Amino acid sequence: MSEQTMTHDDHHDHGPAKGLLRWVYTTNHKDIGTLYLVFSLIMFLIGGMMAFVIRAELFQPGMQLVDPNFFNQMTTMHGLIMVFGAVMPGFVGLANWQIPMMIGAPDMALPRMNNWSFWILPFAFTMLLSTLFMEGGAPNFGWTFYAPLSTTYAPESVTFFIFAIHMMGISSIMGAMNIIVTLFNMRAPGMGMMQMPMFAWSWLITAFLLVAVMPVLAAVVTMMLMDIHFSTSFFSAAGGGDPVLFQHIFWFFGHPEVYIMILPAFGVVSQIIPTFARKKLFGYHSMVYATIAIALLSLIVWAHHMFTVGMPIAGQLFFMFSTMLIAVPTGVKVFNWVATMFKGSMTFETPMLFAIGFVVLFTIGGFSGIMLAIAPIDFQYQDTYFVVAHFHYVLVPGAVFGIVAGVYYWLPKWTGKVYDESLGKMHFWLSFIGLNVTFFPMHFVGLAGMPRRIPDYALQFADFNMMASVGAFIFGTSQLIFVYLIIKAVRTGETAEQVPWESAEGLEWTLPTPLPYHTFTTPPVIEVQK
Amino acid sequence: MRRLLHQFCITLALLIPTSVLAAWELNMPRGVTDVSHTTYDLHMLILWICVGIGVIVFGVMFWSIIYHRKSRGAKAAQFHESTTVEIIWTVIPFIILIGMAVPATNVLIDAYDSSESDIDIQVTGYQWKWQYKYLNEEIDFFSSMKTTKEEVYNEVEKNPHYLLDVDNEVVVPINKKVRFLFTANDVVHAWWVPELAIKKDAIPGFINEAWTRINEVGTYRGQCAELCGKDHGFMPVVVKAVTQEDYDKWVAEQKAVSLAKAAEAEQVWTKEDLVAKGETVYQKSCAACHMANGAGLPPAFPALNGNEIVLGDIEKHMDVVIHGVPGTAMAAYGNQLSAVDLAAVITYKRNAWDNNTGDVITPADVKAFMSK
Amino acid sequence: MEHSSNSYYVPEQSAWPIVGAIAMFLMLGGTGMTLIDLQQGDISQMSKITMYTGMAILIFMLFGWFGNVISESRSGLYSPQVDMSFRYSMSWFIFSEVMFFLAFFGALYYARAFSVPWLGGEGDKGLANMLWPGFEATWPLMTPPNPELFQPIKEVIDPWHLPLINTILLVTSSFTVTFAHHALRHGERAKVKIWLALTLILGVTFLAFQVEEYMEAYQHLDLTLNSGIYGSTFFLLTGFHGFHVTLGSIILLVLLIRVFKGHFTPDNHFGFEAGSWYWHFVDVVWLLLFLVVYVF
Ligand code: HEA
Ligand code: HEA
Ligand code: CUA
Ligand SMILES: [Cu+2]
C-alpha cells in the first residue's frame, strides 16, 4: 500500500526493500499490518464462499447440491476460517497499524517476532484448507469439535486440523504478547495508561485474554491428539474420562474467544464515534473499567454453552447468573456511546455509518445473548438457528463491521489516498440490508424449532430459509464493492489530507500523509491534560 | 438508494407467496406441559424486557442522530463525564437482571425435579436413530426416520411431516410423570421435543435425566439437536401421547410383538426368506454408512461389496457385526438387532451385489455364536 | 516510563521468521503424516523425511535467531527499554505456560472430583453407574469402567521413592540456579560456572530418574497411557512437565556455554535471568504435580 518513502536525512529512516521479499522479511509494523489485513480479507472471502455453499444447500428443503458429510465440512470450515482466519487476523492487522502510531512508538516492541506471528498463519491455514482435499474429507465436527465425534469418530484429517490449531495458537500468543509489551513499554513519554486511546486499551485487554486462553485451546487439542493416537481416555467414559470434560475445557477457551473477537471492535467504535460526533468520548474511565470487567467475567461464564449437558443445578445457576452479569458492563459501553452521540454535532461518513450499524445490531445480538443466558429457556434455543442468529448478529455487524469501520476510518492515513465516499455508503447500505435479511429470519426459524448444522430441514422452515439465502447473496456480493473500493483508492485515489476527518484526535493524525515508512523515530512528548 | 430499497421490497414480496404468510411460524410453540408453558411465558417476558430496553436505547440514539446532526446546525456540547449517570446506568440494568433471574431460577428448579416418576424410559442415541427401553416393562425398540431417500432427493413429493416422521414412535400416557434417562452409544446426541420443552444431551457412558407430564393427547415432533455426524439432520424424535387406556393397549401389543419375534427365531428359514428380510434390515440399519449398493463411503465407511470380511470367514463376519469394531463408528449390532435380523442381514450381505457366496446363516447359528 | 530514550532498537529485515514458519509447517505436517501412517501400520519415508527436515530447520532457525539476538545484545544495541521489553515478554510467555498446565490440572481435577465418582454411582450424576455394572470409583483408578478397552493398573508409583528424590533434586536446583545468579551479579564467574553446571546436572538427573520411572510403570506396574484416566492424566502431566524440564535443561546448557564464552555482565544478563525464571517455573509446576499427582 504505502509505497512512498520519505527522504529524510535521519539515519533511522530508510525505505522498504524492493520486491516481494520486502513482505516476507519485513519487521515494519505497517507492512505486517497490511499483510494481516490482506490475509484476513482473503480468508473472509474463502469463508464467505463456504457460507454460500451452506446457504445454497439450504435455499430449499431437500438435498440439492452437496452431500450431508460435505455440508458438515463446510459448516466446520466456515466457522473456523471466519473466526481464526478472518476476524482475529483482521483485528491484529488493525493493531499492528494503529497501536504504534497511537502511542507514539517507533514500531512494535518485538518486530521480528511480529513477522513470525504473521507468517505462521498462511502455513497454518494452508494445512487446514488442505484437509478439504484429503481422503475422508476435512473436519466435519463443527468449529466446536466436540469429542468423541472429533476423536474416535473423526476423519483422518483431524490430525492436521489439530496441528493447524497449534500453529494458529502459537501465532496468536506471540502476537498478543507483542501487543501487551508494546503498550506497557513503548508509550511515548508522558502518556500514562489512562491517556491511552480506547482502541489501545481494548486491545491490551484482548491481548491479555488471548495469552490466557489460547494455551488452553492448545491443551485441549493436545488431549484430543492423545486420545486419537496414544489411546488415552480423557474423553471416553470407558476409561473414566468424560466427553463433557472436553466441552468444559473447550469453552473455557471458547467463551473468552468470542470477546476476543468483539473487544477490539469496541475499541474501534470508541475511536470513531467521538470523531464524527465532534465530542469527546463520554465516560472514558468507565469504558476502561467496563472492558476489564467484561474480560474478567468472560473467564467464569463458559458453561452457558453447555446448559443442556446435564450439569448439576448449582452449576446451571452459577453460570446463568455470571453470564447475565456481563450485560451490565456491556450496557455501560452501549450507553456511553449513545451519550457520546447525544448533543453532538454528527455527520455520517462511511466509518460512522458502520459504527452506528455496529451499535444497533450488536445490541440486538446482545439481547438475544441475554435470552440465551437464561438457562431454562436456553433449553429451547440451544443448538437451533436462534443461536446462529445470535452469534451472527454479534459477529457480522459486530466484529466484521468493527474491522470494516476501522479500515474506512484509517484508510486515508494508511494509503495516503481518499476513497470513494459514495461507494462506501453503498457498501454500507447493501451490507446492512443484506445481513438483516439473512440473519433476522434465523431468529424465527430457530424459535420455531429448526436445529443448526443440518443440511436439510422440515417444510415449515422453507420460506425463511429462502429469504436468508437471498440475503446472504446480497450481503456477500456487496463485499466485492469493498474490495473494489480499496483497490480503486490505492490506485487512483486523490491524495488525502493529513487529518481527513474534521475533528479526529490522536497521535496518528499528527503524522504526515503519506506516512513515512518509519514513524516516531523520536518519541513525541505528551502533555498530561487536566 | 431509495429506489434500490423499493426494488428490494418488491423482489421480496414476489418471493413469498401470500398464501403461506398465514402459516409462518415466528415464535416458540407454547407446548403441552406445565413446564413448557412456564418456559414459554419466561421467554416472552425476557423478550419484551429486551424489546423495551431496545426501544429506549435506540430511541435516544436515533433522536440524537436526527436532531444533533451537523447539517441541522447542531453544535457539539462539551460534557464527557458524569459519575452519577454512570452509576445510574450500572444499577438499573443490574436490577432488571435480578428481575429476570428470579423467575428463571424458579422455572429451572421445576424442570430439574425428576423424582417420583410413574414411567421410566431409557433413551439411547445411536448414529442415527434412537432406542427406547421401558424400564418397568419388557419393551425395547429402535426408532429411525421414515422419510425416504426419494423424498430427500426431491424425486417424489414431500410428505407433510417430511424429516419428522419415524417408524416407531415412543408412546406415553398423558397426565403421568414420565422420566427419561438419556445416554448414547457412540457420540453425543441431544433429544429434543420443543412442545415438551425438553432438550437434553445424550452422552456416551453417562446418564442425564428429564421428565415430562403431558396434558394433551397428540403427536409431538422434534429432532436430534447435537451434531452427531453425517446424518445428524435425519434423526427425528416423535412422541405420541395417548390416554391411559390406549397406552395399556399399546403395551399389551408390544409384548405380543416381542413374543412373536422370539417365536420367529425358532421357525425354519429358507435362504430366500432370509435374503428378503435381510435386505430390509440392511436398508434400515446399515445403508446409512455402507450405502444401499454396498459401496460404502471409503475411507470412512468400508465397502461391503467384495469386502474381504464379508466374503471370508463366517465367524469373523458375525463377530464384526455382532460385537462391532470398538473405537470406530461400526457399532455392536448384537444388542440392537434380533437373532433373526442378524442372521438375515449377514446372509443378505453374503449374497447381495457381487457377493455370491451362497452361504446361509440361520438364527440358530447366530444364537450359537452369541452364547459362546 | 523512565527510559524512553529515542533509540529503541528496531531490527532490520530478517529471514529467520519465515524460516521458522516453514520449519514449523514441515515439522507438524510431517508429524501428522507419521501419526496417521502409524495408525495404518508402517511409516512411510516421506513422512519421516518431512518431519525430520522440519525439525532440523527449526533447530537451525533457533541457532540463527538467538545468535542474532546475542550478538546484537553484546554489541550494545539494546537500550534498557529493549531489555524491559524482553522481560515483559518472558513473563507473559511464562503466564501462557501456566495456563497451558492449568488446563491439564483442571482435567485431573475434573476426573477425580466428577467423572470417576459419577461413573461409580456417587454424586449428582451417579445414575451413570447403571451403564457400568460392577464399576467402583477409586482414586487412583486401578480398574477403568471398561477394562477390556483400557487395561487395569497393577500398582501406582510410590511417591516416597523416585518422585521424592526428584522433588529434592528439583528444589535443590532452584537454589543452585539462584546462587549462580547471585554469583553473576557479584561478578564471581568461577562460582557461576559451578552453580550453573550443578543445576544442569540436577536437571538431567531428574530426567534420568523420570525415564526410569516410566520404564518401571510400563514394565512392572501396567501403568500406561492406555490404562484409563489415571494413566492418561499421569503421563500427560508428568510427560509435559518432563518435556519442559528438557527444554529448561537445554536453556541451562546454552547459558553455561555462554558463561564459558565470557558472555553476561553483572548488570546486563537478561538471557540468564530468563533462563532462571523458566527453571523456577518448571520447579513450581513439579511441586504441584508431586502433590496432586503422586501424593494425594
Ligand atoms: C463476538 C462474539 C459474541 C459476543 C460479543 C457474545 C455476547 C454474548 N453472548 Fe454469545 N455466542 C457467540 C458469540 C458472541 N456472544 C457465539 C459464536 C456463540 C455460539 C458458539 C457455538 O455454539 O458455535 C454464542 C453462543 C452463546 C450462548 C450459548 C447458546 C447455546 O448454544 O445454547 C449464550 C448463552 O448464554 C450466549 C450468551 C451471550 C451473552 C449473554 C452475551 C453478552 O456479552 C451480551 C451483552 C450485551 C447486551 C446485553 C446488549 C447491550 C446491553 C444493554 C443495552 C444493557 C441493558 C441490557 C439488559 C439489562 C438486558 N452466547
Ligand atoms: C466472524 C465470523 C463469521 C462470519 C463473518 C460469518 C458470516 C456468514 N455466515 Fe456464519 N458462522 C460462523 C461465523 C461467521 N459467519 C460460525 C462460528 C458458525 C458456526 C459453525 C459451526 O456450527 O460449527 C457459522 C455458521 C453459519 C451457518 C450455520 C450452518 C449450520 O449450522 O449448518 C450459516 C447458515 O446460514 C452461516 C451463514 C453465514 C453467512 C451467510 C455469512 C455471510 O456474512 C458471509 C458473507 C459472504 C461473503 C463475505 C463472501 C464474499 C465472496 C464473494 C461474493 C465471492 C467472491 C470471491 C472471491 C473473489 C474469491 N454461518
Ligand atoms: Cu444425533 Cu445429531
Ligand atoms: Cu459464550
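Predicted model: local features only at pLDDT ≥ 70, side-chain atom pairs only at ≥ 80, totals over all residues.
Which chains take part? Residues from chains A and B surround ligand 1, so the site is shared between chains.

Now to the iron atom of ligand 1. Its only protein donor is A:H390, through the atom NE2, at 2.1 Å. A:H390 is placed in helix α14 of chain A.

An N or O atom in the side chain of A:W143 is 2.8 Å from one oxygen atom of ligand 1. For A:R452, a side-chain N or O atom is likewise found 2.8 Å from an oxygen atom of ligand 1. With A:A373 the backbone takes part, as one of its N or O atoms lies 3.3 Å from an oxygen atom of ligand 1.

I turn next to ligand 2. Which residues are the protein donors of its iron atom? They are A:H78 and A:H392, each through NE2, lying 2.0 Å from the iron. Why is the arrangement around this iron atom called octahedral? There are six donor atoms, and the angles they subtend run from 88 to 180°, which makes the arrangement octahedral. For orientation, the ideal angles for six octahedral donors are 90 or 180 degrees.

The two histidines come from separate places in the sequence. A:H78 lies in helix α3 (residues 68-103) of chain A, whereas A:H392 lies in helix α14 (residues 385-415) of that chain, so the pair ties together parts that are 314 residues apart in sequence. Are these two residues buried or exposed? Both A:H78 and A:H392 are buried.

The surroundings of ligand 2 comprise 34 residues, and the closest are A:R55, A:H78, A:W143, A:H392 and A:R453. Three polar side chains approach oxygen atoms of ligand 2: a polar atom of A:R55 at 2.7 Å, one of A:R452 at 3.1 Å, and one of A:T75 at 3.2 Å. Two or more residues of the shell come from each of α2 (29-57), α3, α14, α15 (421-448) and α16 (462-492) of chain A. The largest share, eight residues, is that of α2(A). The shell around ligand 2 divides into 22 nonpolar, nine polar and three charged residues.

Away from the ligands, I draw your attention to some details of the backbone. A cis peptide bond joins A:A147 and A:P148, with omega about 0°. A:P148 is in the loop between α4 (111-130) and α5 (158-185) of chain A. The bond from A:T513 to A:P514 is also cis, with omega near -10°, and A:P514 lies in the segment after α16 of chain A.

In chain B, two residues other than glycine have a positive phi: B:L163, near 70°, and B:A197, about 55°. B:L163 sits in the loop between α5 (149-152) and β4 (170-173) of chain B, and its relative accessible area of 0% means that it is buried. B:A197 is located in the loop between β6 (189-193) and β7 (198-202) of chain B. With a relative accessible area of 9%, B:A197 is buried as well.

One further residue is A:K280, in the loop between α8 (263-277) and α9 (284-298) of chain A. At 46% relative accessibility, A:K280 counts as partly exposed. Leaving aside residues up to four places away in sequence, A:K280 touches A:P274, A:T340 and, from chain B, B:H80.

Methods. Residues numbered from 1 in each chain as written. Chains lettered and ligands numbered in written order. Heavy atoms only, no water. Donors = N, O, S within 2.8 Å, 3.2 Å for Na, K, Ca; no water. Tetrahedral: all angles 85-135°; square planar, octahedral: opposite > 155°, others 65-115°. Helix = DSSP H or I, 4+ residues; strand = E, 2+ residues; numbered from the N terminus. Buried < 20%, exposed > 50% of the residue type's maximum accessible area, 1.4 Å probe, protein only. Near = heavy atom within 4 Å. Polar contact = N/O pair within 3.5 Å; in protein donor to acceptor, adjacent residues only side chain to side chain. Nonpolar A, V, L, I, M, F, W, Y, C, P; charged D, E, K, R; others polar. Contact = heavy atoms within 4.5 Å.
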